[in-house]
Amino acid sequence: MEGTNPVNKKLAAALSGGAVLVLALSGCSSDDSSDKLNSWAKQVCDAVQPQAVKIEAANTAIQKQTSDNSTPADVQKTDSKAFQDMSDAYKAIGAAVNKAGAPDVDDGEKKQKDAVTELNTISSSYADLKKQVDGLDTKDQAKFADGLKGIATQLDKLSQSGNDALKKLEEGDVGKAMAKQESCKSASTSPSASKA
């Protein structure tokens, strides 16, 4: 029996926190927002949905890899691809928010810029994690497990900072407008990665 499983499970738990981040893009109340804001929300939600699916798929791949006794080499390969996919997805979300422009609310420009900066930072962080996982020694089980543990700790922090960035973007009318978009609703109701 391989010994990476407990660490892998920690990694998977940390990762599923990251998925929450994008799925948080849906609010739950509805209100009369301006047409301009609704059109902004639709543009962002439509762009986010495929990326949310991509992040969910990356999470699922890692979860699956942790559910059986995978070799370090298999775990490395799966995690590396998942981190790359997540990096690409967050970059695409950042680009979508950037392209949509500032939402039609007070401080809209600042909210938009802060969110884009944060999303791009998250994208870079996932790219760094991919490099780290690629550099782990798969021939030494103990070293590999230690390396994964460090990556899992970084992931915990990463999912928290991402949540904060999007929460700020979605405060008030922006969140209400996004909650009305079908594509944001479907992003939030996709199957949770936490099903073991």
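Which helix is the place of Asp-85? Keep that in mind while you get your bearings; this is a predicted model.

**Start with the whole chain.** Walking along the sequence, the pattern reads α-α-α-α-α-α-α. Of the 196 residues, 47% count as buried. Now look at contacts between residues at least 6 apart in sequence: 86% of them join residues at least 24 apart.

**Next, select the core.** Show side chains for Trp-40, Tyr-90, Tyr-126 and Met-178: these have the most contacts inside the largest nonpolar core, a set of 37 residues. To see where that core comes from, highlight α2 (35-67), α3 (72-100), α4 (108-134), α5 (141-169) and α6 (173-179), each of which supplies at least two of its residues.

The crossing of α3 past α4 is left-handed. Colour the contact by residue class and you'll get twelve nonpolar, nine polar and four charged residues.

**Last stop: Asp-85.** Back to the opening question: Asp-85 sits in helix α3. Is Asp-85 buried or exposed? Its relative accessibility is 17%, and the cut-off for buried is under 20%, so Asp-85 counts as buried. To see what is around Asp-85, select Lys-54 and Ala-58: leaving aside neighbours within four places in sequence, those are the residues Asp-85 is in contact with.

Note on methods. Residues are numbered from 1 along each chain as its sequence is written. This is a predicted model: local features need pLDDT of at least 70, side-chain atom pairs count only at pLDDT 80 or more; totals for chains, interfaces and linings use all residues. Side-chain values use heavy atoms; hydrogens and water are left out. A nonpolar core is a set of buried Ala, Val, Leu, Ile, Met, Phe, Trp, Tyr and Cys residues joined through side-chain atoms within 4.5 Å. Buried means under 20% relative accessible area, exposed over 50%, partly exposed in between (1.4 Å probe, protein chains only). Helices (H or I, at least four residues) and strands (E, at least two) are DSSP runs, numbered from the N terminus. A crossing is left-handed if the near helix is turned anticlockwise from the far one by less than a right angle, and right-handed if clockwise. Ala, Val, Leu, Ile, Met, Phe, Trp, Tyr, Cys and Pro count as nonpolar, Asp, Glu, Lys and Arg as charged, and the others, Gly among them, as polar. Contact means heavy atoms within 4.5 Å.
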